[in-house]
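Please open the model in your viewer and keep the selection panel at hand.

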Amino acid sequence: MLSSLLFIPLLGSLLVVLLPDSRKNVYKWITLVACSLELLVCGAVYAVFDPAQADYQLLERFDWISLPLGSLGVVSIDYLVGIDGISLPLVLLTGAVMLVGALSSWTIDKRLKAYHALYLLLTATIIGCFIALDFFLFFLFFEFMLLPMYFLIGLWGGPRREYASIKFFLYTLAGSVLILLVMISLYLSVMDPVETAINIGLIGDRSEITDDIMRQVQFLLADYKIQSQQLVHTFDLRYMAHGGNYLPDSFLGPTGEIVIFGLPSRMLAFLCVFLGFAIKLPVVPFHTWLPDAHVEAPTPVSVVLAGVLLKIGGYGFLRIGWGLFPDGAAEYALLLAGLGVISIVYGGFNALAQSDLKKMIAYSSVSHMGFVLLGIASLTSEGVNGAVYQMASHGVLSAMLFLLTGVLYDRTHDRRIDSYRGLASTMPAYTALTAIAFFASLGLPGFSGFVGELFTLMGSFQSLWLPGWMTAVATLGIILAAAYFLWTLQRMFFGPLWSRTEFTGQLTDLTARERLMLIPLAVLALLLGLFPNLLFNLSNATVAQWIQRFSVE
Amino acid sequence: MFDENTIQNLLWLLIVLPFLSGTLSLLAGRRMNSRAGGVAAALTLIGLVLSVVVATQTGTHVLTFHTDWLLIPGRAVPITFRLDALTWLMLIIVHFIALLVQIYSISYLHDERDRYRYFGFLSLFIGSMLGIVLAGNLIVLYAFWELVGLSSYLLIGFWFQKPAAAAAAKKAFIMNRIGDAGFLLGIFLLLFQSGTTELTELSDLFVSNGPLATLTGFCLFCGCIGKSAQFPLTTWLPDAMEGPTPVSALIHAATMVAAGIFLLARIHFLLTPDALLIITGIGTITMLMAAYSALYQTDIKKVLAYSTVSQLGLMVIGMGTSNVTGALFHLTTHAFFKAGLFLAAGSVIHGVHTQDMRQMGGLRKAMPLTFVGWAVCAAALAGIPFFSGFLSKETILTGAFGWAGAQGGLAYSIPVLAVLSSGLTACYMARQGQLVFFGSYRPADPVGSAPVHESGPMLTAPVLLLAVLSIGFVFSGNPFSAEQSWFFRLFPAVGDHGGHLWIALLSISVVVVGGWLGWRMPVSTQSTSLSRLSEHNWYLDGFYKRLIVRPFVRLAYLSYGFDRRVIDKLVDFAGIGTVVLAHMIGWADRMIVDGLVNGASWLAHRLGNLTRSVQNGRVQSYIASAVVGLLVILWFLI
């Protein structure tokens, strides 16, 4: 079932490529149908998912690459996908945002074939990131995502698109290199207990594996009883998350005391992974690619970028950074939360200073993603649940915000805040939806943003790792959010109607297609705000298990 | 007695009804214009009836109802309703005044193009306010607290085309947000200390002493500072008068701004003596400053706005001196007479089409009903015997003197300043009466202005009804003491609130002097530094602009400059550095690595040439070399 999430957009992409150019009006329909199907399958996944179960579900696994390397053991890379309560909300979010983005792509009018093929390819790689449970597979998607993104910004973007796309590409690539290093060291340090058990003859094939046998293999490993030729190394994230599967004295072994640059190797590895994903989230001071990318990207790409792409950073924190290196996360909790708070406040101040609507929203994203980092770094149930919630919420709201910017840009090709005044008089529906999106984003109760911010702040305040003043500083973020959103609302929408003369007559209210994109998102934000348990029910069990690795006895 | 389930469903109905009506009205758009007011008022009437039913079922019991809302491992935030005497009293006040205001608005905003929006927002406000009143969990209370801020924003900015209205709306929301941030931290502090935000559980668990508890209390009080416009977050409320006048009556006089007082009543048991002292101090500063600011205002609504701030300060003093009953009593009487005053002012504005009191005068003849309503409410506000305000104010003053007696020394300054402020109250109300209703009519354009008429019954009836409810006998049979009033039976007071004759005499004489001075204040006063201080509300706004707003905005631009010029430049430099490095490596590659390769190939070339010259195709030379080779080999072998 999960694999179809990958293959639907891939097949769609292939179809777009194969169809001749004379059929170019069909491309957008293919994208739309593929994304609708994708969302349908997401719905099916949601229906099948058992929220009471904390472990991975709907697993699909094939041996992919298996290569004996003599004394280095056996290389094995699996095609392994599955979801749990942390990834499911993000998968659902991806389904929804990609569909909205597909609708928004209808305004694209040049190089349609390439655009739609790349868009569908992007969909597949993003979904792939969220469902891959093999680190190698994850990394493959993570890297591959850059390709469509690079071209989508670089070919269909604004005037400085080349600069923005290269900056985006190199920035993320720099992060990936760090992740790659850690991935390889992890690989060398971790064994696959199942394959190893087969190799040393404990069981005949995979189906016979039990928890006891796994434990037995782990004991053997710890006692140096397994020869290195028989060890099967793995990229499986499930095994990487378990300390028993680490080779004793290996580079990243839990007891390993290897010191590099004055840091224990595991700490260094954690920081590398953190940095890699921090660029993606983004965390101040690694955020400057974001405003540029957003300003230059076409509307649907901005929607995808803010709506889902940033969440891969947060997801990477949960699954890989914090998930594989809980010791590092606990060690650096203060630093990480501090970066989160800096992102919140710094992003807020920068948003206040913007004169370009899209840039303002881009910086507000930086601020809102700071809450995600703060929540995760708090290592509390409230904080982590809140962070997952905030990611989903921000996905919906930022998609909405960028669509709203796009509405204006489509009409006038001008996004400067001071080019408009009193828009409420001529575009009432647009104003209403903008006001809803702004208030929801500034954390008004009843909308999703409130719950995410409340819980991340509550978590950081309750956290044993963090001092209380950090939360106090972070609350400055919610005041700043009110300031920059309401100031924008006042400047652009209220007062007597005025705009640059060349726009007269162009400022028409929302079209049916635009309403179709925006209203569902607004309803979703409202639903999530009124019934937060819709989402918490999905993540509760997994987060409860996830958080246990940080519980203090 | 209904069973608990029925009551819980009733409470849900109470909250959902206005939200539903508001949403419907907003979605329906202009089609709803003609009916929006009627529908909303009808629903409020239903709500009022339900509230009375709930009240009769509850009496002085305390009931709590839980509904699951937020559930994660280790933390549950249920939606809790708390139903006690305070709840149902507030339910009735909110519904009653909202109903009057809605009826009034139907007529007052008759020519408005977007009435559906107005009534929709108003319904949202009622729902949110009821949420605050019913909430038994501080997080739920906070959620509705913010929603009230939203509806206040929307209603202040109802005439969004007016830049002043848009600015006032933004200012109100942001200033409230500042208070709310403190409130939220207070809730977190409570949660941290006792693990719960349920009011019922807190009263069992929370130990209220020590500096941490004081800090908690102060943080919670921040919410009140924002919403009830206490010093230093005062300045949004006078600006909020940009909204339609009925809104000012309902939200910015009777109910929303009183939410801060309500909050203090709910959390009073958490407050430490130190926190209470801070609260009393802030209440006193607010009361005195705002009363002085009201003195020289020329806008009819601004006088009332500052008066509201000042009266809220008085209520805060009541709370700070642990006189919860007195403060709540004043909240109740104030809700009626201040709403009455605003609606009367609205009626006047409706008649003369200006808010400038200097252009009014002599209206008691043209608008007799409005005048009577105004006069009764003003008497209540000024604290004249036989009117409700006298009773409630005396209660607070008596409590404050009693509190000062217990504290001793400097503490006496607080009741003394409160008495002084009540003199100022009488002064500015007398001035308003003199300017608006007495003397002669002074329109800006004496020739072109039409004669003034009394407003219609839909405007005057609510004013008169509120005036009737501002008469002292409604609350107490004894016009000089509230001790026997029904209010005190409902909320038993602790301590001494008896009618101390000397306090009553003192305050009456101060009121008389104040009133007389206000009556004698000339229409157009010469501008002195003292009058300007009052007109500009102690220059607080300019002060904030210079001290907070501008530095903040400047900081924002600085931070953006830093982002562009430092962080981003570093990134660019890293990029450029890499490119430069790449070029250097490229050069090295061409010159050194390539040079070596080229050198090698050159060498090979030369060697090739050399060997090629040997293979020249001449058989003789082949044979010669073969012979030489053979000789060499033989040489080695032998």
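Select helix α3 (residues 85-108) of chain B together with helix α10 (residues 245-254) of chain B, whose axes come within 8 Å and cross at roughly 160°. Helices here are DSSP runs of H or I with at least four residues, strands are runs of E with at least two, and both are numbered from the N terminus; axes are lines fitted to C-alpha atoms, for helices over the stretch in contact, with angles from 0 to 180 degrees between N-to-C directions. The crossing makes α3(B) roughly antiparallel to α10(B), a term used for angles over 145 degrees.

This is a predicted model, in which local features need pLDDT of at least 70 and side-chain atom pairs count only at pLDDT 80 or more, while totals for chains, interfaces and linings use all residues. Residues are numbered from 1 along each chain as its sequence is written, and chains are lettered from A and ligands numbered from 1 in the order in which they are written.

Now show the side chains at this contact: α3(B) contributes B:Ile97, B:Ala98, B:Val101, B:Tyr104, B:Ser105 and B:Tyr108, and α10(B) contributes B:Pro246, B:Ala249, B:Leu250 and B:Ala254. Two residues are in contact if their C-beta atoms, placed from the backbone, lie within 7 Å. By class, the contact of α3(B) with α10(B) has 9 nonpolar residues, 1 polar and no charged, where Ala, Val, Leu, Ile, Met, Phe, Trp, Tyr, Cys and Pro count as nonpolar, Asp, Glu, Lys and Arg as charged, and the others, Gly among them, as polar.

Next, colour chain B by its domain 1 (1-136), domain 2 (137-535) and domain 3 (549-631), with bounds that come from an automatic or database domain assignment. The centres of domain 1 and domain 3 of chain B, taken over C-alpha atoms, are separated by 78 Å. Along its principal axes, the C-alpha trace of chain B spans about 150 × 65 × 60 Å.

Then bring chain A into view and select its contact with chain B, which takes 40 residues from chain A and 38 residues from chain B. On the chain A side, α20(A) gives the most, with 10 residues, and this side as a whole has 25 nonpolar, 14 polar and 1 charged residues.

Finish within chain A, by selecting domain 1 (1-192 + 232-283) and domain 2 (332-547). Here 20 residues of domain 1 of chain A are in contact with 29 residues of domain 2 of chain A.

Conventions:
Angles under 35 degrees count as roughly parallel, over 145 as roughly antiparallel, 65 to 115 as roughly perpendicular and the rest as oblique.
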